[in-house]
Amino acid sequence: MTKIILYPILLLAGLLIGLAAIPAQRPTLYLIGDSTVKNSSDKGEGGMWGWGHYLPTHFDTTKIRIENHAIGGRSSRNFLTEGRWDRTMAHLQPGDFVMMQFGHNDGGPVNDTIRARGSIKGIGEETQEIDNLITKKHEIVHSYGWYMRKYVTETKAKGATPIVLSLVPRNVWKAGKVERATGSYGTWASQVAQAENAFFIDLNEIVAKKYDAIGDSTKLQTTYFVKDHTHTNEAGAKVNAASVIEGIRLLKSCPLNQYILAQNKP
């Protein structure tokens with residue numbers, strides 16, 4: 001009789017020990033954005049690198065996975081309309097994170113035969129109906145803020161944490177300093193994050209201060225950029241990745257902090 005009672009108890013104990021030995025599923029940090037986050041096929045073509053390539057070096061990747069879903073040439077609008085956001089959402093789980101940075105390509109034409117990727121400026125609810133000259137489909141185009149809000153709210157609906165970033169600055173100078181995105185995409189990103197109660201990293205300002213310290217446009221170009229004023233070389237991408245980590249550390253209540261490697265913490 002005793003053996004009959006003990007057998008299921010021992011079986012249950014063994015099962016519990018086995019379950020305890022199974023490692024908990026790692027959360028995933030998803031990156032969405034443009035070529036400044038992931039350039040081309042992420043292999044350094046033309047010496048160009050996005051900061052997303054170097055971000056994993058700052059994290060304990062035994063505890064968190066990082067997937068860079070950013071792609072060159074995308075705006076807040078066409079990252080959505082091309083179905084890329086849907087593909088990210090399909091994998092998004094409670095406890096995951098989504099870091100989003102758009103704006104470099106949002107200022108282009110709303111409808112043309114080259115890219116047709118622009119969004120309406122601002123964060124309002126205004127729309128523009130078009131017959132897209134590239135996709136040949138009818139489309140309702142929204143504001144930059146509308147698309148960003150969609151990413152934030154749908155991330156939250158999945159039980160994940162959205163983190164909005166202002167766009168990294170270009171090598172464009174004004175009055176002796178790198179031009180900030182104040183009054184445009186940097187400000188609008190901040191406003192969306194504040195309105196939706198999402199974490200916000202002012203990457204534009206953090207990086208711009210470091211660029212300012214280089215001294216001038218010519219020196220900055222040879223130090224951190226390639227042929228144009230937007231795409232960074234390896235050194236520039238590493239500086240921008242470190243700046244993202246700096247921004248995360250400023251978000252004291254952001255749970256992403258727990259996954260940053262010890263040597264990258266203050």
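## Start of helix H8

At the start of H8, Asn 233 places a side-chain oxygen within 3.1 Å of the backbone nitrogen of Ala 235. This is a polar contact, meaning a pair of N or O atoms within 3.5 Å; within protein, one must be able to donate a hydrogen and the other to accept it, and residues adjacent in sequence count only if both atoms are side-chain atoms. The model is predicted: local features need pLDDT of at least 70, side-chain atom pairs count only at pLDDT 80 or more, and totals for chains, interfaces and linings use all residues. Residues are numbered from 1 along each chain as its sequence is written, and side-chain values use heavy atoms, with hydrogens and water left out.

H8 (234-250) has 17 residues. From first C-alpha to last, H8 reaches 25 Å, close to the 24 Å expected at 1.5 Å a residue. The expected span is 1.5 Å times one less than the number of residues. The buried residues of H8 include Gly 236, Val 239, Asn 240, Val 244 and Ile 248. Buried means under 20% relative accessible area, exposed over 50%, and partly exposed in between (1.4 Å probe, protein chains only). The buried residues of H8 pack against S3, strand S6 (161-165), strand S9 (199-201), H6 and H7. Contact here means heavy atoms within 4.5 Å.

## The chain overall

The chain holds 8 helices and 9 strands. Helices (H or I, at least four residues) and strands (E, at least two) are DSSP runs, numbered from the N terminus. Of the 266 residues, 48% count as buried. Take the contacts in the chain with a separation of 6 or more: residues 24 or more positions apart account for 68% of them.

## The parallel sheet

An open sheet is formed by 5 strands, in the order S2-S1-S3-S6-S9, with parallel pairing. Its edge strands are S2 and S9, each pairing on one side only. The twist averages 20 degrees from one strand to the next. Two strands pair if DSSP finds at least two bridges between them.

S3 and S6 run parallel and are joined by 4 bridges. Phe 97 stands opposite Thr 161 in S6. On to S9: 3 bridges join S6 to S9, also parallel. Leu 165 stands opposite Ile 201 in S9. H5 packs on this sheet and touches S6 and S9, its direction making about 160 degrees with that of S9. Axes are lines fitted to C-alpha atoms, for helices over the stretch in contact, and angles run from 0 to 180 degrees between N-to-C directions.

S6 is largely enclosed by the rest of the structure, because 5 of its 5 residues are buried. Both faces are covered. Thr 161, Ile 163 and Leu 165 lie on one side, Pro 162 and Val 164 on the other.

At the S2 edge, Ile 66 sits in strand S2. Beyond its neighbours within four places in sequence, Ile 66 is in contact with Leu 29, Leu 31, Leu 55, Pro 56 and Phe 59.

## Helix H7

Helix H7 (residues 217-224) has the buried residues Leu 220, Gln 221 and Tyr 224. Seen down the axis of H7, these fall within an arc of 105 degrees, so they line one face of the helix. The arc is that of the directions from the helix axis to the C-beta atoms. Thr 218 and Thr 222 are exposed, on the face turned away from the buried side.

The buried residues of H7 pack against strand S7 (173-174), strand S8 (177-178), helix H6 (203-212) and helix H8. Asp 216 caps the N-terminal end: its side-chain oxygen lies 3.1 Å from the backbone nitrogen of Thr 218.

## Loop residues

Ser 119 is found in the loop between strand S3 (97-101) and strand S4 (128-131). Ser 119 is buried, at 4% relative accessible area. Its side chain makes a polar contact of 2.6 Å with the side chain of Asp 106. Among the other residues that Ser 119 touches are Arg 77, His 142 and Tyr 147.

Most residues other than glycine have a negative phi. Asp 42 has a positive phi, near 65 degrees, and lies in the loop between strand S1 (28-33) and strand S2 (65-68). Asn 197 also has a positive phi, near 55 degrees. Asn 197 lies in the loop between helix H5 (185-195) and S9, and counts as exposed at 66% relative accessibility.
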